[in-house]
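Please load the model in your viewer and keep a selection panel at hand. The tour below moves from one selection to the next and says what is there.

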Amino acid sequence: MTKRITYLSLLIAIAIILGYLETFIPINFGIPGAKLGLANLIGLIALYRFGFRDALIITLLRVFIIASVFTNYYMFLYSLSGALLSLVIMVLLKKTKLFSTLIISISGAIFHNLGQILVALIFYGFNIIYYLPYLIILSLITGSVIGILGQIILAKLPKQLS
């Protein structure tokens with residue numbers, strides 16, 4: 001049990017650090033708030049090594065802590081909606097056992113952006129929907145990067161961390 005808590009604590013810390021470091025990466029995708037989603041890598045790893053419950057805890061803590069320390073209430077809502085929708089989709093796809101880690105990661109990235117667009121619709125109205133095609137294309141790229149990194153890391157980690 002101590003080993004499991006230690007791993008989960010480390011994953012939360014790494015996710016927070018990645019989320020913070022990402023603010024220093026000068027990538028301008030031309031879309032407000034668009035990022036690589038490096039912290040989502042930890043959610044993917046947690047899902048595969050610990051399951052939904054622990055991945056959910058890590059995701060919620062990561063979103064809450066990053067928003068509390070580095071952003072604001074609105075960014076918290078965007079992050080939370082995207083992260084939760086992404087995690088639910090990844091869990092459902094993983095349960096089918098039909099999809100690779102790469103496809104699950106890409107799907108998670110797409111649904112992360114869809115979750116954020118849903119929140120943006122509340123604040124900005126339907127005009128914000130024109131970002132969606134660009135976000136989907138961006139999701140294909142970022143989801144692929146995170147998926148490939150996830151596959152590499154998962155291959156090097158022990159099958160059972162708990």
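Begin by selecting Leu41, Ile42, Gly43, Leu44, Ile45, Ala46, Leu47, Arg49 and Phe50, which are the buried residues of helix α2, where buried means under 20% relative accessible area, exposed means over 50%, and partly exposed lies in between (1.4 Å probe, protein chains only). Helices here are DSSP runs (H or I, at least four residues), as strands are runs of E of at least two, and they are numbered from the N terminus. This is a predicted model, in which local features need pLDDT of at least 70 and side-chain atom pairs count only at pLDDT 80 or more, whereas totals for chains, interfaces and linings use all residues. Residues are numbered from 1 along each chain as its sequence is written, and side-chain values use heavy atoms, with hydrogens and water left out.

Helix α2 spans residues 40-50 and is mostly covered, nine of its 11 residues being buried. To see what covers those buried residues, display α1 (2-22), α3, α4, α5 and α6 (132-156), which are included in the cover, contact being taken as heavy atoms within 4.5 Å. Just after α2, select glycine 51, which takes a positive phi of about 100 degrees.

Next, show tyrosine 48 together with lysine 94: the charged end of the lysine sits over the tyrosine ring, 5.0 Å from its centre (the criterion is NZ of Lys or CZ of Arg within 6 Å of the ring centre and within 35 degrees of the ring normal).

Now turn to the aromatic rings, for which a search of the whole structure finds six pairs; rings of Phe, Tyr and Trp (its six-membered ring) pair if their centres lie within 6.5 Å, and planes under 30 degrees apart count as stacked, over 60 as edge-to-face and the rest as tilted. Select phenylalanine 64 and phenylalanine 76, whose ring centres are 6.3 Å apart and whose planes stand at 85 degrees, so the pair is edge-to-face. This pair links distant parts of the chain, with phenylalanine 64 in helix α3 (residues 52-70) and phenylalanine 76 in helix α4 (residues 73-96), 12 residues apart.

Then select tyrosine 74 and phenylalanine 123, another edge-to-face pair, at 5.0 Å centre to centre and 80 degrees between the planes. Tyrosine 74 belongs to helix α4 and phenylalanine 123 to helix α5 (residues 101-124), 49 residues apart. Tyrosine 74 is partly exposed at 48% relative accessible area, and phenylalanine 123 is also partly exposed, at 36%.
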